[in-house]
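Hi there,

Here is the structure I promised to pass on. My notes on it follow just below, so please have a look at both together.

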Amino acid sequence: MVQQQTEYDVLVVGGSGVDTIVRVDALPVPLADSVMVGPIEEWPGHTGGNVALGARALGLEVALLDCIGDDWTGAQVRERLAKGDVEFHPVISAAGTRRAVNLVDATGRRMSFYDARDPEDLRMPRDFYLPRLRRARHVHLSIMNFTRFLYDDIETLGVPVSTDLHDWDGLAGHQREFALRSDLVFFSAAVTGDRTPAVMREILREGRAGTVVATAGAEGSYVLTRDGGPDPRHVPATVPPAPVVDSNGAGDAFVTGFLYGRLEGRDALGSARLGAAAGAFACTAPGSTAMIGREALLAADGRAS
């Protein structure tokens, strides 16, 4: 099918909400009736919001579609996206806007308690999302249950689609459809460990992806492509330009850097280097607030090359 003229470089679907950041001395937190912590902060973002904001900071034309509540939390999401110049189109859900409580230790490491409040039967209306899909160069689906129902239309339109499985174990069924129906797949190697290469090969073998990327924090990332041989290629992490404050949003920033490289015509390894630079920058400020710009991203990649 011939696509209409594109309007969005990246159309992000799903994954907005508000993080409550609680700073603790160390993880895991000792069992106690009461623990003294620093100021507790609220930061609108979540994975889809962070990807949209990060891509817009890089100069890409971006829109975000999501189901949120007509509530205080949703108002925070709207305000943050507006400040970041992200075009936002919400569907109002009676379940309200998603939240998460993130414990962050002194090294910037985090543990997230995610509020999965969306009901199983939540759907985004087809006449709401389809006109915008037709105007997108690339679609990024957050792993909300309702977003899986967009795949048939995305495939019919022939629009490239990516997803981030986060800390998938390679087995859980919720992420599997996203893994096998996306052209570009990201996931964290935090859970898969030594099984990471096998999981990457399975995604390529069983699904439609041409590229799979496993992020491994300070160890960098691993990239496997259909035409790049049987073993993942390692891409080192970028040294952050300032002290690490918070790793919230670092994976989302990696995705935005990678997508920028892909849309600019870079190969997978070159795109992963941009992802590493964006992810490192994201760790230098609290609550997913450090969004790297295009010039800084390209400069950081130049220093790393």
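Let me start with a question: is His166 buried, partly exposed or exposed? With a relative accessibility of 25%, His166 counts as partly exposed, where buried means under 20% relative accessible area, exposed means over 50%, and partly exposed lies in between (1.4 Å probe, protein chains only).

Before going further, a word on where this comes from. This is a predicted model, in which local features need pLDDT of at least 70 and side-chain atom pairs count only at pLDDT 80 or more, while totals for chains, interfaces and linings use all residues. Residues are numbered from 1 along each chain as its sequence is written, and side-chain values use heavy atoms, with hydrogens and water left out.

Back to His166: it sits in the loop between β9 (161-164) and α5 (173-181). Helices here are DSSP runs (H or I, at least four residues), as are strands (E, at least two), and both are numbered from the N terminus. The phi of His166 is positive, near 55°, although the residue is not a glycine. His46 is another non-glycine residue with a positive phi, about 65°. His46 belongs to helix α1 and is buried, at 5% relative accessible area.

Next, helix α2 (residues 72-83). Its twelve residues should span 16 Å at 1.5 Å a residue, and the 17 Å between its end C-alpha atoms agrees with that; the expected span is 1.5 Å times one less than the number of residues. Thr73, Gly74, Val77 and Leu81 of α2 are buried. They cover an arc of only 100° around the axis, so they lie on the same side of α2; the arc is taken from the directions from the helix axis to the C-beta atoms. Ala82 and Lys83 are exposed on the other side of α2. The cover over the buried residues of α2 includes β2, β3, α1, β4, β5 and β6, with contact meaning heavy atoms within 4.5 Å. After α2 comes Asp85, with a positive phi near 60°.

Finally, the loop between β2 and β3 holds Pro28, and the peptide bond from Leu27 to Pro28 is cis, with omega near 0°. Val35 is in the loop between β2 (17-23) and β3 (41-45) and is partly exposed, at 41% relative accessibility.

Best wishes
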